[in-house]
Amino acid sequence: MTQPATAAADAAELLRGLHDVLPGLRDLYKDLHAHPELSFQETRTAGIVAQRLRAAGWDVTEGLGGPEGVPGTGVVGVLRGGLNDGPNGGPNGAAEGPVILLRADMDALPVREETGLPYASEATATEPDGTEVPVMHACGHDVHVTCLLGATELLAANRAAWGGTVVAVFQPAEEVGGAPRMIEDGFLSRFPRPEVCLGQHVGPAPAGLVGTRPGPVMSACDTLRVKVFGRGGHGSMPETTIDPVVIAAAIVMRLQTIVSREIAASRSAVVTVGSLHAGTRANVIADEAELGITVRTTTPAVRDKVLAAITRVVNAEAAASGAPRMPEITPLDELPLLVNDQAATDVVLGAFRELLGPDRVFVLPSTLTGSEDFGHFGTVLGVPSVFWHFGGLDLADFTEQDILSLLEDGIPATLPSNHSPKFAPAVDPTLEVGVRLMLAAASAWLAGTAAGGSVLDTE
């Protein structure tokens, strides 16, 4: 049985002063929401993060996670607890005792906001291919940044109440798998090695509720670009052409049978065609069409089966239409299955129940179909990870029956979810809850009365 080897930090002590910082956090959140930035373009956000960390007394490293030779936008702050001042303190910002990693992601999405909020985004940005797109924090990463900055401010202000070292990671480009870029940028050698990685995500559930599960908690994700080739011509004479739009349409429809007819009902998988582009005018049949496909799976065997089926379907439909050449199938982003460590998750759930009460903390019944690259940190560092989801919508949006049936029936379809142009977390109490959850989880590892030891040590 897992037992704390040292007195954990008192979560109440770490949260001292929260209500004093909340007004500033609300302003910060609204500013970040109004100024979203695409993946690997989070320059403004990173600057705000670094400035606030330095002002609070953190040791800050900027420019992480860029391509070789180019500064990135990742930011890492390191802070030693006050209980480690003195003979037990270690070199280079490390300290004898617990080291934990807290992570938030910073990037936004190419979505045009439709929330109607007074601080709604009107921003646009340029994609790597030169396309100008609207930008919105449609996945709540502005909430994540705000909550972690709130936690770092309180950790610094209450530094005398805890021992150990905190590594606060503000990661770019979660939407396209930015975590490996940060890790490849010397992360293991530049910062203290943590013994646990902790992260959170806001979602379309009632504010004040939190859920996670041991084991697989979020699905693996594969993104594919498929280019199919035809023979163009005049729209009035399709018999002289091989229409790539028809090939693409047949592929879209046939792909839907993979999950429904090739994957067992007891397994989970999602195949979605999120983009389809072809042609320039109604009366011109194009030479080629391009599809963007996302795949979500919860086991390696299902993943292999789905990816093989996609290749088979794409090639077969092209052959059936007499395509002049076989399609190009290009893997783009790949996010692994996110797995929560059993013992560490039990610790976090216990801390949450003590913080919020058992009726507000839920063990998720199955792996979520969304994906995250947070797990890269724990995997590469060889340490446990725990990732949880907390509600961000106003309780008034839910009926009592909605709340009672959330685990069984999911989020009501009438409510906007992550990546929707209408997704808008309620400022209160979401920000406060997010800060409380991060510090409650952290307190279970940080030392209270003495440095040293680990909450995961066993007797």
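Which residue follows α3, and what is its phi?

A: α3 is followed by G57, and the phi of G57 is positive, near 105°. Keep in mind that this is a predicted model.

Let's start with the helix itself. α3 covers residues 43–56. Along α3, the buried residues are T45, A46, I48, V49, A50 and L53. What do they pack against? The partners are the helices α2 and α4, plus the strands β1 (59–64), β2 (74–80) and β6 (165–171).

Take α2 next. This helix runs over residues 18–34, and its axis lies 11 Å from that of α3, at an angle of about 160°. Roughly antiparallel means an angle over 145 degrees, so α2 and α3 fall in that class. Their crossing is right-handed. On the α2 side the contact uses L25, L28, D31 and L32, while α3 brings R44, T45, I48 and R52. Sorted by class, that contact has four nonpolar, one polar and three charged residues. T45 and I48 turn up in this contact, and both are on the list of buried residues in α3.

One is α4, which spans residues 141–157. Here the axes come within 9 Å and cross at roughly 150°, so α2 and α4 are roughly antiparallel to each other as well. α2 passes α4 in a right-handed crossing. From α2 the contact takes L18, V21, L25, L28, Y29, L32 and H33; from α4 it takes D142, V143, V145, T146, L149, G150, E153 and L154.

α2 contributes L18, H19, L22, L25, R26, Y29 and K30, and they meet V427, D428, L431, E432, V435 and R436 of α12. Those residues divide into seven nonpolar, one polar and five charged.

The peptide bond from D428 to P429 is cis, with omega near 5°, and P429 lies in α12. As a rule, most peptide bonds are trans, and most residues other than glycine have a negative phi.

Which brings us back to phi. Besides G57, with its positive value after α3, A173 has a positive phi of about 60° although it is not a glycine. A173 sits in the loop between β6 and α5 (179–190), and β6 is one of the strands that the buried residues of α3 pack against. Is A173 buried or exposed? A173 counts as buried, because its relative accessibility is 0% and the cut-off for buried is under 20%. H419 is another non-glycine residue with a positive phi, near 80°. You'll find H419 in the loop between α11 and α12, and with a relative accessible area of 39% it is partly exposed.

Finally, back to α4, one of the helices packed against the buried residues of α3. α4 has 17 residues and reaches 24 Å from first C-alpha to last, close to the 24 Å expected at 1.5 Å a residue. This helix is mostly covered, with 15 of its 17 residues buried. H144 lies in α4 and is buried, with a relative accessible area of 2%. Leaving out residues up to four places away in sequence, H144 touches A104, D105, C139, Q200, H201 and V202. So α4 takes part in the packing around the buried residues of α3, in the roughly antiparallel pairing with α2, and, through H144, in contacts with residues including Q200 and H201.

Methods
Residues are numbered from 1 along each chain as its sequence is written. This is a predicted model: local features need pLDDT of at least 70, side-chain atom pairs count only at pLDDT 80 or more; totals for chains, interfaces and linings use all residues. Side-chain values use heavy atoms; hydrogens and water are left out. Axes are lines fitted to C-alpha atoms, for helices over the stretch in contact, and angles run from 0 to 180 degrees between N-to-C directions. Helices (H or I, at least four residues) and strands (E, at least two) are DSSP runs, numbered from the N terminus. Angles under 35 degrees count as roughly parallel, over 145 as roughly antiparallel, 65 to 115 as roughly perpendicular and the rest as oblique. A crossing is left-handed if the near helix is turned anticlockwise from the far one by less than a right angle, and right-handed if clockwise. Contact means heavy atoms within 4.5 Å. Ala, Val, Leu, Ile, Met, Phe, Trp, Tyr, Cys and Pro count as nonpolar, Asp, Glu, Lys and Arg as charged, and the others, Gly among them, as polar. The expected span of a helix is 1.5 Å times one less than its number of residues. Buried means under 20% relative accessible area, exposed over 50%, partly exposed in between (1.4 Å probe, protein chains only).
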